Amino acid sequence: MAYSIVLLAILFTYRQLLLVSFDPETATVLGLRVRAYEGLILVLMGLTVSAGVLIVGPVTLFGLLVIPPLAGHCLASSMVSLVVYSMGFGLLSALGGLLVSFSEDLPLGPTVCVVAALLLALAKLLGRLRA
């Protein structure tokens, strides 16, 4: 339920959240209520974290909240590509960690984080080769 609320809120306010996050002065000039959108960002993050900790545990949750966007940042050239890369790295981390965990009989949470870290190293390498 919490993730549905977060997804709907992001879908309906994506452009405003993006503008407020990266250029609050311009958002103010355009008449957006910057404090309200900043509060919404914090509420959405709180919902994501509180639901995620119950579902996947704190280690996996914080690994998946931090590492995929870092990896995406190494390759992205725009905000849209950053979001796409981050989602892709998160999905690959979760699926790869799940496969490795079950095939090697390892704990799931740390395995997902290790796969995410390996993908981050690969993204950094590819980012340097592209530059």
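Biologist: At 14% relative accessibility, does Cys113 count as buried or exposed?

Modeller: The cut-offs are under 20% relative accessible area for buried, over 50% for exposed and partly exposed in between (1.4 Å probe, protein chains only). Cys113 sits at 14%, so Cys113 counts as buried.

Biologist: Before we go on, what kind of model is this?

Modeller: Residues are numbered from 1 along each chain as its sequence is written, and side-chain values use heavy atoms, leaving out hydrogens and water. Local features need pLDDT of at least 70, side-chain atom pairs count only at pLDDT 80 or more, and totals for chains, interfaces and linings use all residues; the model is predicted.

Biologist: How many disulfides turn up in the whole structure?

Modeller: A disulfide would be a pair of cysteine sulfur atoms within 2.5 Å. The sulfur of Cys74 has its closest cysteine sulfur in Cys113, 17 Å away, so that is too far for a bond. Cys74 is partly exposed at 24% relative accessible area. A search of the whole structure comes back with a disulfide count of 0.

Biologist: What order do the elements of the chain run in?

Modeller: Helices (H or I, at least four residues) and strands (E, at least two) are DSSP runs, numbered from the N terminus. The chain has 6 helices and 0 strands. From the N terminus on, that reads α-α-α-α-α-α.

Biologist: What roughly is the box that the C-alpha atoms fill?

Modeller: Buried residues are 30% of the 131 in the chain. Contact means heavy atoms within 4.5 Å, and of the contacts with a separation of 6 or more, 46% join residues 24 or more positions apart. Along the principal axes, the C-alpha box is roughly 55 × 40 × 20 Å.

Biologist: Why is H4 called oblique to H5, and at what angle do they pack?

Modeller: Axes are lines fitted to C-alpha atoms, for helices over the stretch in contact, and angles run from 0 to 180 degrees between N-to-C directions. Under 35 degrees is roughly parallel, over 145 roughly antiparallel, 65 to 115 roughly perpendicular, and the rest oblique. H4 (residues 58-75) and H5 (residues 79-104) have axes 8 Å apart and pack at about 130°. That puts H4 in the class oblique to H5, because of that angle of about 130°.

Biologist: How many charged residues does the contact of H4 with H5 have?

Modeller: H4 brings residues including Leu64, Pro68 and His73, while H5 brings others, among them Tyr85, Phe89 and Ser93. Ala, Val, Leu, Ile, Met, Phe, Trp, Tyr, Cys and Pro count as nonpolar, Asp, Glu, Lys and Arg as charged, and the others, Gly among them, as polar. The tally is 8 nonpolar, 5 polar and, for charged, no residues.

Biologist: And H3 against H4: how far apart are the axes?

Modeller: Met45, Thr48, Val49, Gly52, Val53 and Val56 in H3 meet Pro58, Thr60, Leu61, Phe62 and Leu65 in H4. The pair of H3 (residues 34-56) and H4 packs at about 135°, with an axis separation of 7 Å.
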